[in-house]
Amino acid sequence: MTAHAQSRYASVPAIDQRALRDAFGAFPSGVVAVAASVKGQLTGIAASSFTSVSIDPPLVSFSIATSSSTWPLLREAEHLGISVLADHHDAVCRQLAGPREERFAGLPFKVTGNGAVLLDEAVATYDCSLHEEVVAGDHVIVLLEVHEVGAGGGEHPLVFHRSTFAKLHRDDLDPARLDGRINGAEVDRGAREPGSPARDDAEDAA
């Protein structure tokens, strides 16, 4: 770190951690189960930090606290399963956040040949392997390479917002797909209608 960077960071007043947590919690997210069978033992966590990263190569990520006692076990798995929890999975999420030995009790799931654990009623599933770990402050950003995707019986995702659960409501929203760019890339709107122009000049919303 340069002297300039050191002085710049030193001049920034400390942010109240409670206020920062509340600000982070204002951003709604989905919740996933990250799970695997490691040496015959079912291991998993619930994570609200899951996000897509790249199409080519196919990468996703989530963040885990450096203090986690489960991640050192889970990272040893040959493959990891990511299951996007459905909106009826609030109790499942609480279970996955509870005592390690009770996290999979009574849950319907399958274990792939590579050891990834995937929940049957998830909205979507990803069979992944560890690609890279990046230490970032008090968390580790875990990059995963996606080898296979699938879907379970869930239709709508569970939403995590301000430390509690919610469901999607779209009654008052425009049902049309976004026509433009987000994250710097054109939104995948499916097959374009014949004769409709491409939107190469769409504004970058990232």
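Is F104 buried or exposed? F104 counts as buried, at 10% relative accessibility. The model is a predicted one, and the protein has four helices and 14 strands.

**Overall description**
- The protein has 206 residues, and buried residues make up 31% of them.
- The accessible surface of the protein comes to about 13,300 Å². Carbon and sulfur atoms hold 52% of that surface.
- Among contacts in the protein with a separation of 6 or more, 61% are between residues 24 or more positions apart.

**Seven-stranded sheet**
- Seven strands form an open sheet with antiparallel pairing, in the order β3-β2-β6-β9-β10-β5-β4.
- Strands β3 and β4 stand at the edges of this sheet, and each has a single partner strand, so one side of each is left without a neighbour in the sheet.
- From one strand to the next, the twist averages 35 degrees.
- Strand β9 and strand β10 (residues 139-150) run antiparallel and are joined by eleven bridges. Within this pairing, E133 stands opposite V142 in β10.
- At the β4 end of the order, strand β4 (residues 51-54) is joined to strand β5 (residues 59-65) by three bridges, and the two strands run antiparallel.
- The bridge partner of T51 in β5 is S61.
- Strands β4 and β5 form a hairpin, with four residues between them.

**Three-stranded sheet**
- A further open sheet has three strands in the order β1-β11-β12, and its pairing is antiparallel.
- The edges are taken by β1 (29-30) and β12 (164-166), each with a single partner strand, so one side of each has no neighbour in the sheet.
- Three bridges join strand β11 (residues 159-161) to β12, and these strands run antiparallel. F160 stands opposite F165 in β12.

**Aromatic pairs**
- The count of aromatic pairs comes to four.
- One of them is the tilted pair of F50 and Y126, with 5.4 Å centre to centre and 50 degrees between the planes.
- F50 lies in the loop between β3 (41-47) and β4, while Y126 lies in strand β9 (residues 125-136), so the pair ties together parts that are 76 residues apart in sequence.
- F50 is partly exposed, with a relative accessible area of 21%; the cut-off for buried is under 20%.
- F104 and F109 form an edge-to-face pair, at 5.8 Å centre to centre and with 65 degrees between the planes.
- The two members of this pair fall in separate accessibility classes: F104 counts as buried at 10% relative accessibility, whereas F109 counts as partly exposed at 27%.

- S129 has its place in strand β9, which is joined to β10 by eleven bridges.
- With a relative accessible area of 13%, S129 is buried.
- Leaving aside neighbours within four places in sequence, S129 is in contact with E78, H79, L143, L144, E145 and H147.

Conventions. Residues numbered from 1 in each chain as written. Predicted model: local features only at pLDDT ≥ 70, side-chain atom pairs only at ≥ 80, totals over all residues. Heavy atoms only, no water. Pairing = 2+ DSSP bridges. Buried < 20%, exposed > 50% of the residue type's maximum accessible area, 1.4 Å probe, protein only. Contact = heavy atoms within 4.5 Å. Areas by Shrake-Rupley, 256 points an atom, 1.4 Å probe, with all protein chains shown as cover. Phe/Tyr/Trp six-rings, centres within 6.5 Å; stacked < 30°, edge-to-face > 60°. Axes fitted to C-alpha atoms, helices over the stretch in contact; angles between N-to-C directions.
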